[in-house]
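Dear colleague,

I am handing over the structure below, together with some notes on what turned up in it. Please read the notes with the structure open beside them.

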Amino acid sequence: MGSFGEATSNIHEWKPALAAAGLIPTPELGEPYASARQHGMHALRHFYASVLLDAGESIKAVSEYLGHSDPAMTLRVYAHLMPSSSERARRALDGVFDTAQEP
């Protein structure tokens, strides 16, 4: 059994799943699957980072999880997905006041 890698999983698991879901066509016998960058493993990776950032995970942690050597690069790619500081401040204050009002 070989190692699990992006190329192997993309061909043997991911692309067949996309075809089964009707997102890409099922290829003719002996033909490769259609290119699916917008649905590929990179899109799944981007989704993963997006969910973590939306949940408030730090850019440094997300950078480490993605294997980036520089958090600045991660920030350049994903900054548009991060909640604004005013949104984080509002959530923090809402949480304090909600807790204080509970009996």
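**What was found**

Arg90 is partly exposed, its relative accessible area being 42%. Please bear in mind throughout that this is a predicted model. Arg90 forms a salt bridge with Asp94, and the closest N and O atoms of this pair are 2.6 Å apart. Asp94 is likewise partly exposed, with a relative accessible area of 34%, a value that lies between the 20% under which a residue counts as buried and the 50% over which a residue counts as exposed. Both residues belong to helix 5 (residues 85–101), and because they stand 4 residues apart there, about one helical turn separates Arg90 from Asp94.

By the rule used here, the count of salt bridges comes to 2. Besides the pair in helix 5, there is a salt bridge between Lys60 and Glu64, with 2.6 Å between the closest N and O atoms. Lys60 and Glu64 both lie in helix 3 (residues 59–66), where they are 4 residues apart, or about one turn of the helix. Glu64 has a relative accessibility of 47% and therefore counts as partly exposed.

As for the overall layout, the protein chain has 5 helices and 0 strands, so that, read from the N terminus on, its elements run α-α-α-α-α. The protein chain has 103 residues, and buried residues make up 20% of them.

How do helix 2 and helix 3 pack, in terms of the angle and the distance between their axes? The angle is about 155°, and the axes of helix 2 and helix 3 are 10 Å apart. Since angles over 145 degrees count as roughly antiparallel, helix 2 and helix 3 are therefore roughly antiparallel to each other. The crossing in which helix 2 passes helix 3 is right-handed.

Helix 2 (residues 41–54) is also where Leu44 is found. On the surface, Leu44 forms a nonpolar patch with Phe47 and Val51, and the accessible area of these residues together is about 280 Å². Leu44 itself counts as partly exposed, at 37% relative accessibility, which is over the 30% that a residue needs in order to be part of a patch.

The place of Val77 is in helix 4, and Val77 counts as partly exposed, with a relative accessibility of 37%. Val77 and His46 are 31 residues apart along the chain, while their C-alpha atoms are separated by 9.5 Å. His80, for its part, is placed in the loop between helix 4 (71–78) and helix 5. Is His80 buried or exposed? With a relative accessible area of 60%, His80 is exposed, because this value is over the 50% cut-off for that class. From His80 to Ser50 the separation is 30 residues in sequence and 9.7 Å in space, C-alpha to C-alpha.

With kind regards

Notes
Residues are numbered from 1 along each chain as its sequence is written. This is a predicted model: local features need pLDDT of at least 70, side-chain atom pairs count only at pLDDT 80 or more; totals for chains, interfaces and linings use all residues. Side-chain values use heavy atoms; hydrogens and water are left out. A salt bridge is a side-chain nitrogen of Lys or Arg within 4 Å of a carboxyl oxygen of Asp or Glu. Helices (H or I, at least four residues) and strands (E, at least two) are DSSP runs, numbered from the N terminus. Buried means under 20% relative accessible area, exposed over 50%, partly exposed in between (1.4 Å probe, protein chains only). Patches are made of residues with over 30% relative accessible area and no salt bridge: like charges are joined within 9 Å, nonpolar side chains (Val, Leu, Ile, Met, Phe, Trp, Tyr) within 5 Å. Accessible areas come from the Shrake-Rupley method with a 1.4 Å probe; for residues, only the protein chains shown count as cover. Axes are lines fitted to C-alpha atoms, for helices over the stretch in contact, and angles run from 0 to 180 degrees between N-to-C directions. Angles under 35 degrees count as roughly parallel, over 145 as roughly antiparallel, 65 to 115 as roughly perpendicular and the rest as oblique. A crossing is left-handed if the near helix is turned anticlockwise from the far one by less than a right angle, and right-handed if clockwise.
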